Amino acid sequence: MDVSAIFEKDFRGEINGAIWLVDTPENRSRFEKACGLDPNSALFSINDFNTLQSGVVEKVWSIHDHYPDLDSITFIGIELSASTAKELEDDYVFEEIKDGFICRPANSS
């Protein structure tokens with residue numbers, strides 16, 4: 001399973017499948033109207049994080065808890081910091097993409 005974690009406050013891309021989307025009025029409206037969402041899809045708040053990068057780490061673990069057999073998490077709207085990569089490097093591998101990065105479990109084939 002591929003999951004998307006979107007940190008853009010006014011995301012304009014496609015909303016379907018397994019998606020975790022930052023909770024803003026604009027995103028909430030689109031999320032609530034979306035069809036074809038995986039039942040574990042969710043809106044999430046970024047207000048409780050000390051930094052956005054600490055939010056990335058928490059989202060990796062939370063999403064992986066909901067999708068234990070996931071293949072990847074595509075983060076959109078946030079860059080991978082060196083500290084985040086360092087914190088997760090024993091369990092995940094990363095690939096940077098244009099608008100974010102992809103995180104894959106290190107033990108996946």
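Start by selecting Cys35 in this predicted model: with a relative accessible area of 64%, Cys35 is exposed. The structure holds 0 disulfides.

From Cys103, step to Val60, which touches Cys103 together with Ile73, Phe75, Leu88 and Tyr92, leaving aside residues up to four places away in sequence. Val60 belongs to the largest nonpolar core, a set of 25 residues in which Val60, Ile63, Ile73 and Phe75 touch the most other members. To see where this core comes from, colour strands E1 (2-6), E2 (18-22), E3 (42-44), E4 (72-76) and E6 (100-105) along with helices H2 (52-66) and H3 (82-88), each of which supplies at least two of its residues; H2 gives the most, with 4 residues. Apart from this core lies another, of 7 residues, including Phe11, Leu21, Phe31 and Ile76.

Now display the aromatic rings, among which there are 5 aromatic pairs. Select Phe7 and Phe75, whose ring centres are 6.1 Å apart and whose planes stand at 40°, so the pair is tilted. Because Phe7 lies in the loop between E1 and E2 while Phe75 lies in strand E4, the pair ties together parts that are 68 residues apart in sequence.

Finish at Trp61 and Tyr92, an edge-to-face pair with 5.5 Å centre to centre and 70° between the planes. Trp61 sits in helix H2 and Tyr92 in strand E5 (residues 92-97), so this pair ties together parts 31 residues apart in sequence. Trp61 counts as partly exposed at 37% relative accessibility, whereas Tyr92, at 3%, counts as buried.

Conventions: Residues are numbered from 1 along each chain as its sequence is written. This is a predicted model: local features need pLDDT of at least 70, side-chain atom pairs count only at pLDDT 80 or more; totals for chains, interfaces and linings use all residues. Side-chain values use heavy atoms; hydrogens and water are left out. A disulfide is a pair of cysteine sulfur atoms within 2.5 Å. Buried means under 20% relative accessible area, exposed over 50%, partly exposed in between (1.4 Å probe, protein chains only). A nonpolar core is a set of buried Ala, Val, Leu, Ile, Met, Phe, Trp, Tyr and Cys residues joined through side-chain atoms within 4.5 Å. Contact means heavy atoms within 4.5 Å. Rings of Phe, Tyr and Trp (its six-membered ring) pair if their centres lie within 6.5 Å; planes under 30 degrees apart count as stacked, over 60 as edge-to-face and the rest as tilted.
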